[in-house]
There are 2 protein chains.
Amino acid sequence: MAEYEYSIVVIVAKFEVLVYTCLERGNTMKLLLDAYGLDAGPSVVLNAGAKAKSNLQVDVGIIGPKSIEDEATSKGLEFVHAAEEISMNEPNPAFAIRQKRDSSISKGLRLVKDGAYHGFVSGGSTGALLAGGMTIVGRIPGIKRAALMAPFPAKNRTVFMLDIGANADCTSDLLYSFAVMAEKYLKTIVGIPHPSIMLLNNGTEEHKGSELTQETFKLLSQSQLNFKGNIEARYVFEGDCDIIVTDGFTGNIFLKTLEGVFQHFNFLLKDVAKNSWTAKIGLGLMYKPMKIKFASLDASKHGGVPLLGLKKTVVKAHGSSDMNAFYNSIVVAKKTIESGMIDELEKSFSKED
Amino acid sequence: MAEYEYSIVVIVAKFEVLVYTCLERGNTMKLLLDAYGLDAGPSVVLNAGAKAKSNLQVDVGIIGPKSIEDEATSKGLEFVHAAEEISMNEPNPAFAIRQKRDSSISKGLRLVKDGAYHGFVSGGSTGALLAGGMTIVGRIPGIKRAALMAPFPAKNRTVFMLDIGANADCTSDLLYSFAVMAEKYLKTIVGIPHPSIMLLNNGTEEHKGSELTQETFKLLSQSQLNFKGNIEARYVFEGDCDIIVTDGFTGNIFLKTLEGVFQHFNFLLKDVAKNSWTAKIGLGLMYKPMKIKFASLDASKHGGVPLLGLKKTVVKAHGSSDMNAFYNSIVVAKKTIESGMIDELEKSFSKED
């Protein structure tokens, strides 16, 4: 009888360990990819998903229109049907998230929240991802707003700027939390032990800037972070630091000015070539290597960035991602999940509360 | 007796007309130029002053160090001694204006305020010019802050952006007054009858942006101005409007991002040429026409812009002005004075008060 009872206990205990192992460590990491939202269409997502499944040893689900179901399953990918898309130009993304419950972003984020997938990668509407991230997935306690970060390839290193568009109106507390999140990201995902942080401002001296930057300067100076002071927008590409903190309005102006100037540069080069035959030949000779070089500046080639501050891993890929860029976004999602960064942020912000 | 009295009356009347003419219309317009503050040194100012005296039929005074007195007078220019310079890197320009009373900017602005000169042109510290402009020269009643405007050569026209750095923290009322001032400037000085105005924002839709841009959008929409809505930073060079309104912090970020990207572009081109011999030959062939073309983008070549909102004409020239650019700044000062723009702004804002 005693032996019998003992056996039961052992069996139950073994079963518990088995269940624990399955739930906690997972059989395989499962990532959900949004087939909507890319300029290049769903084939990029399908191909990147197949590559990730084979190279990264992850299980991949594709959420998208019925029309791609066969191709997804033929590639060994799970298929989740989402009948709707939230357009990039959606005027009110927060409203769309609630209304379009069968959209890939809304449904995809619910699946991630419920634990059916470990992370979500989407090239769709940033506004909808953020709104859905905040309302469906939820913020890490102690973090007031999620932030969007972009990598800029500067002279000697990649500089990460945040926020680049999630929060138009910010407080100094918010900017401080962005700095903390970015620092954790660079430490755990990018592998930089002591990332240096600067504050985007209209001058380098401490007293320069708006009320917001002056207050934030004080907070960052008093913190344990590796804060190196103010940086002017003209020096971002010099690569003097790892992280640049700014509010979402200013970050967005920076990003879009950059895009605009590059387009204008292209226009000017062609205009020069039109009016001078030597320049025309010159441009012809330069064109290919120049194009390759400048492509390295294109944010869409660098993979996505996670929405920092959420309880689960949500990676925003660039809408103009090609297959490699989207694949890189999947790599970012996998690294983010494996790193335990979200747990670390939870610990860090719960301490501060 | 009656005839005699009549003659007296006629003589007195004629004398009064003569006095009126001298005082009101002035003998000749008198402009004061700051010999300090240019990267290229005072010779640029002296030469531009001499050219202005002969081409524009204006009287020219030069305010600067004793060492240039002889050259100034030998060129037929008045000389005013200013022993001090307020440096471009002055951490507290408002304080410097009060402390360095014998600096060219402080003394020069006092001379303009007192009517000894009709206008002041300086390539010196923007902060000091603004602080001195506000405290010494004074604002037009009804205008709360002076603003700084910069011309950007877009595809089909020059786009004027303000504020580009005078006021880091702005209200919607302030942005609205910037729009009114810029409109008057373009109408009277640049000669555009109905300048179109857009608001720099992080999206084109009405609801986009920060609280500030949303409020300003409403004010501009309800006004009589030719307001065409929001513009994203990436479309500035498309030249879709004449005036872009923004706060001084954001305008400064735009301006400096532009500078930074151009410098980085230059670096990238050289880097491309270093690693490819075809690109090296290509760059050699393109270099000269490209340099000429890109110089057209250089704000310093476009002459200065007046500090909008002051009671007198104060033109800020770019610190890197060459002789022609500084001469163009003098032309801007002359046009501003002749146009009666300041009177028009006074009328316009006194009505609104």
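Start by selecting T278(A), A279(A), I281(A), G282(A), L283(A), L285(A), M286(A) and P289(A) in α10(A), then the residues they meet in α10(B): T278(B), A279(B), I281(B), G282(B), L283(B), L285(B), M286(B) and P289(B). Keep in mind as you look around that this is a predicted model.

Now show the two helices as cartoons. Each α10 covers residues 277-295 of its chain, and the two axes lie 7 Å apart at an angle of about 140°. Angles over 145 degrees would count as roughly antiparallel, and α10(A) and α10(B) are therefore classed as oblique to each other. Their crossing is left-handed.

Next, zoom out to both chains. How is chain B laid on chain A? A turn of 179° with a shift of 0.0 Å along the axis does it, leaving an RMSD of 0.1 Å. That is the relation of a two-fold axis. To find the axis itself, go back to G282(B), whose C-alpha comes closest to the rotation axis of all residues of chain B, at 1.8 Å. G282(B) is also one of the residues of α10(B) that meet α10(A).

For the next stop, stay within chain A and select helix α2 (residues 42-55) together with helix α11 (residues 323-339). Their axes come within 9 Å and cross at roughly 50°. That makes α2(A) oblique to α11(A), and this crossing is right-handed. To see the contact, pick V44(A), V45(A), N47(A), A48(A), G49(A), K51(A), A52(A) and N55(A) on the α2(A) side, and M323(A), N324(A), F326(A), Y327(A) and I330(A) on the α11(A) side. Sorted by class, the residues here divide into 8 nonpolar, 4 polar and 1 charged.

Finally, turn to the aromatic rings. Over all chains there are 13 aromatic pairs. One to display is F237(A) with F254(A), a stacked pair with 6.3 Å centre to centre and 25° between the planes. Which parts of the chain does this pair tie together? F237(A) sits in the loop between β8 (226-232) and β9 (243-245) of chain A, while F254(A) belongs to helix α9 (residues 248-274) of chain A, so the pair links parts that are 17 residues apart in sequence.

Key. Residues are numbered from 1 along each chain as its sequence is written. Chains are lettered from A and ligands numbered from 1 in the order in which they are written. This is a predicted model: local features need pLDDT of at least 70, side-chain atom pairs count only at pLDDT 80 or more; totals for chains, interfaces and linings use all residues. Side-chain values use heavy atoms; hydrogens and water are left out. Copies are superposed by least squares on the C-alpha atoms of residues with pLDDT of at least 70 in both. Axes are lines fitted to C-alpha atoms, for helices over the stretch in contact, and angles run from 0 to 180 degrees between N-to-C directions. Helices (H or I, at least four residues) and strands (E, at least two) are DSSP runs, numbered from the N terminus. Angles under 35 degrees count as roughly parallel, over 145 as roughly antiparallel, 65 to 115 as roughly perpendicular and the rest as oblique. A crossing is left-handed if the near helix is turned anticlockwise from the far one by less than a right angle, and right-handed if clockwise. Contact means heavy atoms within 4.5 Å. Rings of Phe, Tyr and Trp (its six-membered ring) pair if their centres lie within 6.5 Å; planes under 30 degrees apart count as stacked, over 60 as edge-to-face and the rest as tilted. Ala, Val, Leu, Ile, Met, Phe, Trp, Tyr, Cys and Pro count as nonpolar, Asp, Glu, Lys and Arg as charged, and the others, Gly among them, as polar.
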